[in-house]
Amino acid sequence: QVQLVESGGGLVQAGGSLRLSCAASGSIFRINAMGWYRQAPGKQRELVAVITSGGSTDYADSVKGRFTISRDNAKNMVYLQMNSLKPEDTAVYYCNADHQYALGPQVRYWGQGTQVTVSS
């Protein structure tokens with residue numbers, strides 16, 4: 001099993017910044033891609049950003065140029081730097097990790113989520 005714990009959420013004014021962190025722990029063999037999703041009230045969970053083990057990244061169009069995803073493979077951590085925040089960025093943010101077992105399948109794990117609220 002792999003556990004993911006997010007931190008860094010909170011309340012910020014529009015135009016402000018927050019940095020989310022997510023730490024993976026447990027019986028880790030290899031983590032492939034890691035990512036951040038978000039879910040606003042009444043909406044489906046959507047991809048925000050993803051990063052491969054080699055450092056390639058991809059972003060939702062709505063956050064390009066404002067958010068930056070990064071990771072520390074040695075520490076099994078992934079980060080999301082969020083700048084120029086807008087009220088529409090308000091959501092619960094979840095991190096995930098695609099864990100490759102040594103003699104088994106790849107399994108996606110999720111964190112419990114952290115609330116980000118952007119006031120206008």
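D98 and R108 form a salt bridge (a side-chain nitrogen of Lys or Arg within 4 Å of a carboxyl oxygen of Asp or Glu), with the closest N and O atoms 2.7 Å apart. D98 lies in strand 9 and R108 in strand 10 (residues 106-110), so the pair ties together parts that are ten residues apart in sequence; strands are DSSP runs (E, at least two residues), numbered from the N terminus. D98 is buried at a relative accessible area of 8%, whereas R108 is partly exposed at 40%. Here buried means under 20% relative accessible area, exposed over 50% and partly exposed in between (1.4 Å probe, protein chains only).

The model is predicted: local features need pLDDT of at least 70 and side-chain atom pairs count only at pLDDT 80 or more, while totals for chains, interfaces and linings use all residues. Residues are numbered from 1 along each chain as its sequence is written, and side-chain values use heavy atoms, with hydrogens and water left out.

In total, five salt bridges are counted. One of them joins R66 to D89, with a closest N to O distance of 2.8 Å. This pair links distant parts of the chain, 23 residues apart: R66 is in the loop between strand 6 (57-59) and strand 7 (67-72), and D89 in the loop between strand 8 (77-82) and strand 9 (91-100). R66 is buried, with a relative accessible area of 10%, and D89 is buried at 1%.

A further salt bridge connects K64 with D61, the closest N and O atoms being 3.1 Å apart. K64 is partly exposed at 47% relative accessibility, and D61 is exposed at 66%.

Definitions and conventions: Helix = DSSP H or I, 4+ residues; strand = E, 2+ residues; numbered from the N terminus.
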